[in-house]
Amino acid sequence: MSAPNTPSASTAFDRHALADFRSLAGRIDGNGPRYTSYPTADRFHAEVGDAGYRHALNACRANAPAPLSLYLHIPFCENICYYCGCNKIITKDHSRSARYVDYLSREMAMVAGQLGERRAVMQSHWGGGTPTFLDPGEMRAVMAALHQHFDLLPEGEHAIEIDPRRVTDDRMALLAELGFNRISLGVQDFDPEVQQAIHRVQSFEETRSVVLAARRLGFQSVSMDLIYGLPHQTTARFNATVDRTLELHPDRLSVYSYAHLPHVFKPQRRIDAAALPPAGEKLDILVSTIERLTAAGYIYIGMDHFALPGDDLAIAQREGRLQRNFQGYATHAGYDQIGLGVSAIGAVAGHYVQNARTTDEYYAALDAGRLPTVRGFETSADDHLRRAIIGALMCNGTLDIAAVEAEHGIDFATVFAPELADLDRLAEDNLVRRTPARIEITTLGRLLVRRVAMVFDRYLRADAARPRPAPAANDAKAVPIARYSRVV
Ligand code: SF4
């Protein structure tokens, strides 16, 4: 018997589904939250601070010895990429990172102290910004602090984001020595004109050299990021980028959609809006990319992510244990996630917590002996239920209604009567199939899965029932600052 939420059979795309997607996309808005958390980060509020986080860490302490997941945010970059929506600090002054490393270590000590006993770490991820902005000594210092306070399990997944323009073979060897076993490379596009327009000139050779070094050094997984919808891109040009990327045979690929929001992300003001591909062309680029990647043997995991069939993500999806977390998709379920560094988000014992965005606020909190949490959310039983449903639909494309009823003690049809009515409308567009026992995302629906997930978002439903004014451009709550929110 299959596991309750093993994926639906719809794992491959044919021309038919892609043609349907092309014609539907003009009518159904596929944009929406990425649900790296539920409730989404724009619902976090300032009532959760140091005391709330300490309370959550105490609850987490009671779960010992369950392993943890860690995210470290290193915000520095030497140069600005014009499309960027991350929380970063552009500087060539490397003395700034020395101070940051010191405070990061202090935060680790404070969190670990609150947790009590040393905890095992099954997943760690260094993101940014550019983690490799740190010099070798600083990287060693951060890793030493991690080892001082936590047990990083050698069999765990330990990942770092890399800017291939800044990484030498020696640096790659250091990353391997420090225990990283996964790397994620930003590429975006190999076309020189596109690269000039986004202020990120990065040769194919630089990227290839990092990938070859990772293979030589035995890294278990190489992941690459592309972005479509950038200035001067056309289907033919992006096809060429995809083909060059395939030459490098990454284990995972993320292909993000660029959202041009210059009123929110200041660097985007330097992008010429007239050079952006029109909506129809952008859609063609996406469809062509899916065709190319799936023809090359990649599995569409969902939400912009592709993986080779033997990659852990694809295996986890086949086995029905894929999860959403702040890094996108994850293979391990249920670990509390500790966020360290400016703007880092954690998910601990039913609480979401987010650190201060600026180094000044972050340093001041730690100097005052406070955890630098500035906002968050304490989830309710209803949030847990809806998070489980959204997660099952986004990760596995199927929901076993009886399993949800048994686990949460509800009658699904009663609790979700309005949602089921909305799903029936999506079923008319062939995005979902519904039986009394299951909700299945169709092949077409997998391309518009955010639209399906939004049906179960209680907060969006409340917003729709009670229209509110659009958030101001400078409203910090409106700005997605987690790395993977950058292209919305
Ligand atoms: S895209 Fe990455 S490397 Fe470029 S400025 Fe943003 S955080 Fe830095």
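**Cys84.** I began with Cys84, which counts as buried because it has 20 C-beta neighbours inside 10 Å. My cut-offs, with C-beta atoms placed from the backbone: buried is 20 or more other C-beta atoms within 10 Å of a residue's own, exposed is 12 or fewer, and partly exposed is in between. I then found Cys84 in the loop between β2 and β3 (89-90). Helices (H or I, at least four residues) and strands (E, at least two) are DSSP runs, numbered from the N terminus.

**A note on the model.** I am working with a predicted model, where local features need pLDDT of at least 70, side-chain atom pairs count only at pLDDT 80 or more, and totals for chains, interfaces and linings use all residues. Residues are numbered from 1 along each chain as its sequence is written.

**Cys77.** Next I looked up Cys77, which sits in strand β2 (residues 76-77). Cys77 is also buried, because 20 C-beta neighbours lie inside 10 Å. Leaving out residues up to four places away in sequence, I see Cys77 touching Lys88, Ile90, Gly129, Thr130 and Phe133. Contact here is C-beta atoms, placed from the backbone, within 7 Å.

**The record.** I checked UniProt, where an unreviewed entry puts the feature "binding site" at Cys77, Cys81 and Cys84. Its positions are given in the numbering used here, feature names are shortened, and annotations may be inferred rather than shown by experiment.

**The ligand.** Which residues surround the ligand? I listed Cys77, Ile80, Cys81, Cys84, Cys86, Lys88, Gly128, Gly129, Thr130, Asp163 and Gly186. The test is a C-beta atom, placed from the backbone, within 6 Å of the molecule. By class I noted 5 nonpolar, 4 polar and 2 charged residues in this shell. Nonpolar means Ala, Val, Leu, Ile, Met, Phe, Trp, Tyr, Cys and Pro; charged means Asp, Glu, Lys and Arg; the others, Gly among them, are polar.

**The whole chain.** I counted 18 helices and 19 strands in the protein chain. Of its 488 residues, 46% are buried. The C-alpha trace spans about 60 × 50 × 50 Å along its principal axes. Among contacts between residues at least 6 apart in sequence, 75% join residues at least 24 apart.

**Confidence.** I finished with pLDDT, the predictor's confidence in each residue, from 0 to 100. The protein chain averages 90, and 92% of the residues score at least 70. I marked residues 6-11, where pLDDT stays under 50 and the model has 17 contacts beyond four places in sequence. Residues 471-488 also stay under 50, with 37 such contacts.

Methods:
Contact = placed C-beta atoms within 7 Å.
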